[in-house]
Amino acid sequence: MSCDKFSDSIGALTDGTIGPDAKRALDEHLKTCAACRALAADLGRIRDEAARLPRVEPPDALWAKVRGRLEAQIAAGARPGWREKLAAWVAGPATRPVFGFRLAAVSTAVILVVAIATGYVLIRQRGGQPGAPAAGPATEAKMTAPSGNAADQEFVQSVEMELKLAEDHYEKAIAGLEQIAKVDEGTLDPQVAAALQKNLGIIDQAIRDSRVALQSQPTSQVAQATLFEAFRRKVALLQDTIALVNEMRKGDQAGAARALQNLNRG
Amino acid sequence: MGDLGAFDQLYREHAGRLFNLAYRMTGTAADAEDLVQEIFLLAHRKIGSFRGESSIGTWLYRLGVNLCLDHLRSRSHKDTRATESLDDNRERGQRLPAMPSNEMTLTRLELERAIAELPESYRSAFVLHDIEGFGHGEIASMLRIAEGTSKSLVYKARMRLRRILTGPATDHRELR
């Protein structure tokens, strides 16, 4: 009988994973084949000796080196921020246990954008007087804002910066959501997915137009209102999409129908 | 410095095994030290891409194995080859040590030197399985290969080690 036939069995014997039938056949072969007996014994010794190799420990001073380089890396700003982490979570394959969490993260992102955007609009609509009371996260920021025209200007710039950060965050979350949609393209009906893409395209065009208008007329309240209205529409559309996918995953046909109705209404 | 606190804990839990892995992969403590530093720096940069699909240890090992392989590939070793066929039956010019044919002596030093002669793909699977004790499923995940490929690599690594340790005449098929 050819020894080649027993290569897999000898490998499995060494690994301890050989099945009873294969073991019986191999044992029969080993009774008459000195070469295979030697092979099986040698492979077993190699496995045993490898497992017995002493563990080599890192020097005590190594953590200090690692820590020093980590601190330098953090100081250099190479650490990924929470926005990247969110985008990475969102971009992961949509397995059921984490899906809800990732969608929750997206929802958090868009809610944050709307909250900041709302605060921003309130400030700008009050003629650049951020000292006036306003609702939402901007209120907290305002409480610590300095007074006076220069301070007001500084505060508005600060809010603008926050808004820009939130927009970045929002865009990354959207990018992640699109990846989820690709992974789960079978979940959504193709016609629904197409309608969703079409509506998103319309809203994105409105966002682009508003930004162009704001670039030429930075103080235009109409352009501001249009931009944030487009943001709100996109948020609503995404929330409806999230709800629809969740209902479909749960197998709730009635819930899916309601979510679809909302989506079509959007 | 919350990040550093978390990494301190990660280091305490995994640095020993990662250092051993790097040492067994590269064969030198100096390279292993450098690689462990690089592994944690890379982990810090890429922590956002950790999705919890595997344990953080498995994720760190994946980073570590890949860094070790990159290191070996970039190292200008005369024995280092960028890729190796899974069905490699070529003879190696250098055998350590020269042993009487058909008789495998096996000391720790001889085994370590033989492991250092293994092609990268064999070595990584062998070190992870036979030295570090990972299962084939975990190795498959770390190296992004099929589980069957991991089994095959470990088997071929053991066969190659045997041939290195005993000399060419001891190859199983050659004896027939």
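Ground rules first: I'm working on a predicted model, where local features need pLDDT of at least 70, side-chain atom pairs count only at pLDDT 80 or more, and totals for chains, interfaces and linings use all residues. Residues are numbered from 1 along each chain as its sequence is written, chains are lettered from A and ligands numbered from 1 in the order written, and side-chain values use heavy atoms, without hydrogens and water.

**Helix pair.** I looked up H3(B), residues 56-74, against H6(B), residues 136-143; their axes come within 8 Å and cross at roughly 55 degrees. Helices here are DSSP runs of H or I, at least four residues, numbered from the N terminus. Axes are lines fitted to C-alpha atoms over the stretch in contact, with angles from 0 to 180 degrees between N-to-C directions.

Next I checked who touches whom, with contact meaning heavy atoms within 4.5 Å. From H3(B), Thr58(B), Tyr61(B), Arg62(B) and Val65(B) meet Ser141(B), Met142(B) and Leu143(B) of H6(B). I sorted that contact by class: four nonpolar, two polar and one charged residues.

**Cysteines.** I found zero disulfides over all chains, counting cysteine sulfur pairs within 2.5 Å. Cys3(A) is in none, and its nearest cysteine sulfur, on Cys36(A), sits 3.5 Å away. Cys3(A) is buried at 4% relative accessible area (buried is under 20%, 1.4 Å probe, protein chains only). Cys36(A) is buried too, at 0%.

Conventions. Helix = DSSP H or I, 4+ residues; strand = E, 2+ residues; numbered from the N terminus. Nonpolar A, V, L, I, M, F, W, Y, C, P; charged D, E, K, R; others polar. Buried < 20%, exposed > 50% of the residue type's maximum accessible area, 1.4 Å probe, protein only.
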